Structure formats: structure tokens, C-alpha cells
Amino acid sequence: MNKINLLKLSIFFIFFGRAWQHLFWDAPYRTFFWDESLLKPVIENWFGVSWTTYATSSTTDFFVQSLIVGKGVLYTIAAISSLLITKSNKKLLKIPIFIGGLSLVVLTVLLTKEKFYHFAQFFEHSIQFSLPFVLLYSLKEKYSEERLYFVLKILIAVTFFSHGLYAFGAYPVPGKFVDMVINIFGCSESFALSFLYVAGILDFILAVLIFIPKLNKYALIYAVVWGLLTALARVVANFYWDFPIQSLHQNLYQVIYRLPHGITPLIVLTGIVVYLKQKKTIKVEEITT
């Protein structure tokens, strides 16, 4: 599978996972629409409605829920478009991908708002909200492959570094991180915190090594493995044999939209391997001639 197809698959996973979330579960739009300090002046001064009436209105709740479902439909269309888009049909299919990408940025801002505007929370999603735009760039008639790989490296480094800040403890270590480690390994809380601390340090090292020739290949291999494992951990740590279908339904979508954390490094790694093979072939030809 070439890099463009892997890129399309990654974006499909992102949009499909988010569509699943929005259509069947919830998304943090209420963190905006129920923000009294932000919206109360607008609601009361512009619309002449008291904040209590607005916040407790079934109409308001219906609007927000409809918005969430509507975003789920948008992500579904964008997911299908990301698989079908080519240079010949991009004029039409790039529209839902572009709008879906913008929606992912808004979603990330809302997720960051929920986490008290921790910048790491925003940048931890760099791969997820950026790949749709990377795909659209790759479908241009003339694009720089070198620039494409460089952008992907930046996205990988920023995503893993930001994830590492939480695991390392630069921010309060999320309880769900600790719970996942405990559930998977059956260990103590202190071991889980130590494990996450080491994982955070490795994320920082990865963010540097990915830009160093001759070492970046090993960093990318680690990124592929760790990116896929951290995605799969969501379902492994929260799977219950007593409720298998419900366990999958509640957690599998989180795995799906995180799979690109492992696939994106694979795209760059594949490009490096191809480059090294071509370079070796050229040297052999020079020697033989």
C-alpha cells in the first residue's frame, strides 16, 4: 500500500471514529453552549432570554443534540470521501474533507476547553485534525514529497511530545491513563505512574530523534508500535467478557480515530525505506558502470 492510500486510510479512521462518537455517544459541544460566563451576556442582551430559561430549555438541548448528530453525518460523508477521492474527482470530494477537517479543529478546541485550556491537550490531536489538510495538499498537481514527509514528522513529534507531557506528569496525570495501565498489567498505582513517567520520557526522545538521520528510522519504528498500542489500549483495558458487545461499542471508536497515531509514522518510515533502497540502487549502478 503506497503512502497516499495509507494517508487516505488514516483519515478514514479519524472521520469514521468521530462519526461513531457523534452518532451514538456524545461530544463536548455543551462545554461551549452551557458556558455561562461566555454566553450569558449574549443570550440575555441579544435574545432577551434569561440564562436560566436558556440553560434549562428542551429546545436548547435539542439544538445541541441535533448539532452533534449533524456533525456525525458530516464525518461519515468525509470518511467515505477520503477513501474515494482522487486527483480526477477531488473538486467535489475535497469539500466534505475540508469542512470535516475544520470541524475537527473546532472539536479539538472544545476538548482543550474541557481540560482548562492545556495546550498539550490541543496539540496531542495534531495528527487527527491535520491529516485531512495534508491529504488535500498531496492531491495537488504539483506538490513536494519532501515537504509532505517533513510536515508528517512535525505532526508526529508534536503529537507524541504533547502526549508525553501528560504521561510524564508535566500536567496532572489523567486518571484514565493510570486506570488503563492498571487494568492491562494488573499492577499497582505506583508502578503505573512509573511506567507512564518512562513512557513520557521516551515520547520526548522520539520527538527529537525523528529529525536525526540514521536514527529517525528507529524512532519511527517505536512510534508505529507505541502509537498502535496506545490506541488499542482503550479497548483492551476496558473490555469485559460479561458485556462484550457493549464494551466494544463504548470503546472501539476511540481506538479507531487513534489508529493514525501509528499509521502516520508508518507512512514516513515507508518513505525512508524506499529512499534508502533507491539510494543503494543508484550506488550499485554507479559502481557497475
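Visitor: Which residues do ring pairs link into a cluster?

Guide: General idea first. Two numbers describe a pair of aromatic rings: the distance of the centres and the angle of the planes. Rings of Phe, Tyr and Trp (for Trp, the six-membered ring) pair if their centres lie within 6.5 Å; planes under 30 degrees apart are stacked, over 60 edge-to-face, and the rest tilted. Here, Phe12, Phe13, Phe16, Trp20, Tyr253 and Tyr257 form a cluster through such pairs. Keep the ground rules in mind. The model is predicted: local features need pLDDT of at least 70, side-chain atom pairs count only at pLDDT 80 or more, and totals for chains, interfaces and linings use all residues. Residues are numbered from 1 along each chain as its sequence is written, and side-chain values use heavy atoms, with hydrogens and water left out.

Visitor: How many aromatic pairs does the structure hold?

Guide: The count is 26 aromatic pairs. Take Phe119 and Tyr171. Their ring centres are 6.2 Å apart and their planes meet at 65°, so this pair is edge-to-face.

Visitor: Which parts does the pair of Phe119 and Tyr171 tie together?

Guide: Elements first. Helices (H or I, at least four residues) and strands (E, at least two) are DSSP runs, numbered from the N terminus. Phe119 sits in helix 7, and Tyr171 in the loop between helix 9 (145–168) and helix 10 (175–185), so the pair joins parts 52 residues apart in sequence.

Visitor: Phe119 and Tyr171: buried or exposed, or partly exposed?

Guide: Buried is under 20%, exposed over 50%, partly exposed in between (1.4 Å probe, protein chains only). Phe119 has 46% and is therefore partly exposed. Tyr171 has 15%, so it is buried.

Visitor: Now the whole fold. How many helices and strands are there in the protein?

Guide: The protein has 14 helices and zero strands. Its C-alpha trace spans about 85 × 55 × 40 Å along the principal axes. Of its 289 residues, 47% are buried.

Visitor: What share of contacts join residues at least 24 apart?

Guide: A contact means heavy atoms within 4.5 Å. Count those between residues at least 6 apart in sequence: 72% of them join residues at least 24 apart.

Visitor: Which residues have the most contacts inside the largest nonpolar core?

Guide: A nonpolar core is a set of buried Ala, Val, Leu, Ile, Met, Phe, Trp, Tyr and Cys residues joined through side-chain atoms within 4.5 Å. The largest one has 64 residues, and Phe15, Tyr29, Leu131, Leu152 and Ile156 have the most contacts inside it. Helix 1 (residues 3–24) is its main contributor, giving nine residues, the most of any. Another core lies apart from it, with 15 residues, including Leu165, Tyr171, Met180 and Ala237.

Visitor: What does Phe15 touch?

Guide: Set aside residues up to four places away in sequence. Phe15 then touches Tyr75, Ala78, Ala79, Ile97, Gly100, Gly101, Leu104 and Pro132.

Visitor: And Met180: where is it found?

Guide: Met180 is in helix 10. Its relative accessible area is 10%, so it is buried. Beyond neighbours within four places in sequence, Met180 contacts Ala233, Arg234, Ala237 and Asn238.

Visitor: Helix 9 next. What does Ala167 contact?

Guide: Ala167 lies in helix 9 and is buried at 3% relative accessibility. Leaving aside neighbours within four places, its contacts are Val173, Phe177, Leu196, Tyr197 and Gly200. Thr159 is also found in helix 9, buried at 2%. Not counting residues up to four places away, Thr159 touches Phe123, Glu124, Ser126, Ile127 and His261.

Visitor: On to the backbone. What is the phi of Tyr117?

Guide: Look for a positive phi outside glycine. Tyr117 is such a case, at about 60°. Tyr117 sits in the loop between helix 6 (90–114) and helix 7 (119–123), and is exposed at 55%. Lys214 also has a positive phi, near 75°. Its place is the loop between helix 11 (189–209) and helix 12 (216–236). Lys214 is exposed at 77% relative accessibility.

Visitor: Last, the surface. What do carbon and sulfur atoms supply?

Guide: Accessible areas come from the Shrake-Rupley method with a 1.4 Å probe; for residues, only the protein chains shown count as cover. The protein exposes about 15600 Å², and carbon and sulfur atoms supply 69% of it.
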